[in-house]
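Please look over the sequence and the model before reading on.

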Amino acid sequence: MRPNSQALKQKSSHDTEREFGGTLGAICIPGFLPLTVLFLISVSRSPEASVLQWPPSLPTTEQLWDPLAPVLLLGWIALHALLYLMPVGKVSEGLVLRDGTRLKYPINGFHGLCVSGVLLLLFVGLGAPLGYLFELMLPLAMCAIAVSFLLSGYLYVRSFWAPSHALALGGNTGNPLYDFFIGRELNPRIGDFDLKYFCELRPGLIGWVVINLGMLMKEVDLRGSPSVAMILVNSFQLLYVADALWNEEAVLTTMDIVHDGFGFMLVFGDLAWVPFAYSLQAAYLVVHPQTLSNLTVVVIVALNGIGYYIFRKSNSQKNQFRRDPSHPSVARLETIATATGKRLLVSGWWGLVRHPNYLGDLVMALAWSLPCGFSHLLPYFYVIYFTILLIHREDRDERQCRAKYGLAWETYCRRVPYRIFPYIY
Ligand code: NDP
């Protein structure tokens with residue numbers, strides 16, 4: 001056993017630092033974020049689309065409920081649970097857990113996306129009014145919020161039956177509000193069905209592209225054909241989702257899977273925030289159509305391409321390095337040793353800034369907002385929120401890496417002084 005992991009193992013989970021504002025954050029965030037989702041959807045369809053308008057554009061109670069919404073939402077989750085269980089694709093092992101074991105995960109999310117795509121085309125071909133998702137967005141978001149609370153409650157209660165080595169180090173503080181929010185159990189499973197892994201990349205992420213497509217179909221209903229701006233937003237975000245599912249195995253080494261417990265923060269993020277807040281640009285374009293010049297289209301496509309290139313190359317480089325440091329694509333990169341036995345890359349993408357993958361992600365985020373023009377702030381909500389999220393996430397990751405790697409991390413920070421933006425931050 002090496003010194004740092006020994007120290008980590010011996011550290012009581014009750015004395016870990018609290019994140020997201022501690023108990024106060026755990027009380028406020030579960031109230032504030034669901035209201036934000038409903039508010040943003042509501043504002044995106046108002047003619048003014050102003051987040052600062054007073055009184056704010058709030059949904060009425062009738063707009064929040066439609067009996068079709070729970071049927072569609074639960075049906076969608078059930079469909080993806082079935083697709084998860086499909087015996088196709090390979091089975092991959094996660095990183096080694098604290099008890100020395102490794103969990104197995106089915107890598108078939110991309111198959112799930114393809115099957116969903118075929119089913120959707122079939123429904124549209126048969127005349128299903130996909131554009132009606134525009135009217136259903138608020139009730140669907142309400143149901144996703146309700147499901148997030150119910151699932152988080154279930155996860156919190158069942159975590160008391162989990163053995164102590166199965167609990168997340170940061171989610172077992174003894175404060176029920178905080179633990180409910182941050183997540184107690186690291187990898188809750190029903191049999192072989194991994195609830196966190198399932199929610200991370202499937203119903204919410206694929207749901208996001210379906211909602212986008214629904215907005216595109218609504219535009220077709222209203223104006224006869226989809227606008228270039230709508231096609232750009234749909235294509236960019238579909239590429240992002242398809243990429244995440246194509247590289248599904250890489251999620252097994254991310255903070256969400258390796259470090260964070262499965263509680264309200266991740267459940268709500270996966271099932272409600274991603275599909276309903278990330279589809280805001282498409283929802284906005286339905287009511288606020290934009291005309292783009294050819295030059296603008298070329299610039300936006302190029303920007304998304306650059307962002308995607310940085311994002312994909314840097315994520316693949318680190319993933320390859322973590323899985324097989326002797327692989328020819330990474331073997332020649334300069335690295336530094338750490339006391340844990342793992343090495344850190346100090347050249348290649350990870351020698352440019354300490355989080356090149358976040359840089360690429362943010363460049364893409366900007367490209368997703370630009371098709372919506374400059375008349376409103378609302379479509380830029382995503383890029384603003386995402387910058388804050390990734391700066392905060394980078395800070396959390398730095399603290400974990402400093403605790404894990406100590407002096408080696410300090411050396412890495414000296415060698416690579418910028419966190420996300422070269423020469424800026
Ligand atoms: P990262 O993929 O950035 O992983 C961070 C980990 O990488 C560290 O904890 C460390 O883990 C390892 N690492 C850090 N520096 C080095 C180095 N120099 N050499 C080798 N390994 C290093 O984590 P995230 O999960 O935050 O991000 C994954 C992707 O998901 C990103 O592209 C991000 O933009 C995206 N993302 C998207 C979100 C969205 O809502 N769209 C939300 C969150 C993330 P260790 O050493 O233990 O391996």
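How many nonpolar, polar and charged residues does the shell around the ligand have? The shell has 9 nonpolar, 5 polar and 7 charged residues. The model under discussion is a predicted one.

**The ligand shell**

There are 21 residues around the ligand, and those that come nearest are Thr254, Leu345, Trp350, Asn357 and Asp361. Two or more residues of the shell come from each of α11 (255-258), α14, β6 (343-345), α16 (356-369) and α17 (381-405). Helix α14 gives the most, with 5 residues. Both domain 1 (21-290) and domain 2 (292-425) are represented, each with at least three residues in the shell around the ligand.

**Valine 301**

Helix α14 covers residues 294-323, and valine 301 has its place there.

The protein is divided into domain 1, residues 21-290, and domain 2, residues 292-425. Taken over C-alpha atoms, the centres of domain 1 and domain 2 are separated by 23 Å. Their contact takes 25 residues from domain 1 and 24 residues from domain 2. On the side of domain 1 that touches domain 2, the elements giving two or more residues are α2 (22-44), α10 (228-246) and α13 (280-287). Of these, α10 gives the most, with 9 residues. By class, this side of domain 1 has 17 nonpolar, 7 polar and 1 charged residues.

**Annotated transmembrane regions**

The unreviewed UniProt entry places the feature "transmembrane region" at several spans, including residues 20-44, 64-86, 224-242, 292-311 and 365-391.

| Span | Helix content | Strand content | Distance between end C-alpha atoms |
|---|---|---|---|
| Residues 224-242 | 79% helix | 0% strand | 27 Å |
| Residues 365-391 | 59% helix | 0% strand | 14 Å |

Note on methods: Residues numbered from 1 in each chain as written. Predicted model: local features only at pLDDT ≥ 70, side-chain atom pairs only at ≥ 80, totals over all residues. Helix = DSSP H or I, 4+ residues; strand = E, 2+ residues; numbered from the N terminus. Near = placed C-beta within 6 Å. Nonpolar A, V, L, I, M, F, W, Y, C, P; charged D, E, K, R; others polar. Domains from an automatic or database assignment. UniProt positions renumbered as here; feature names shortened; annotations may be inferred. Contact = placed C-beta atoms within 7 Å.
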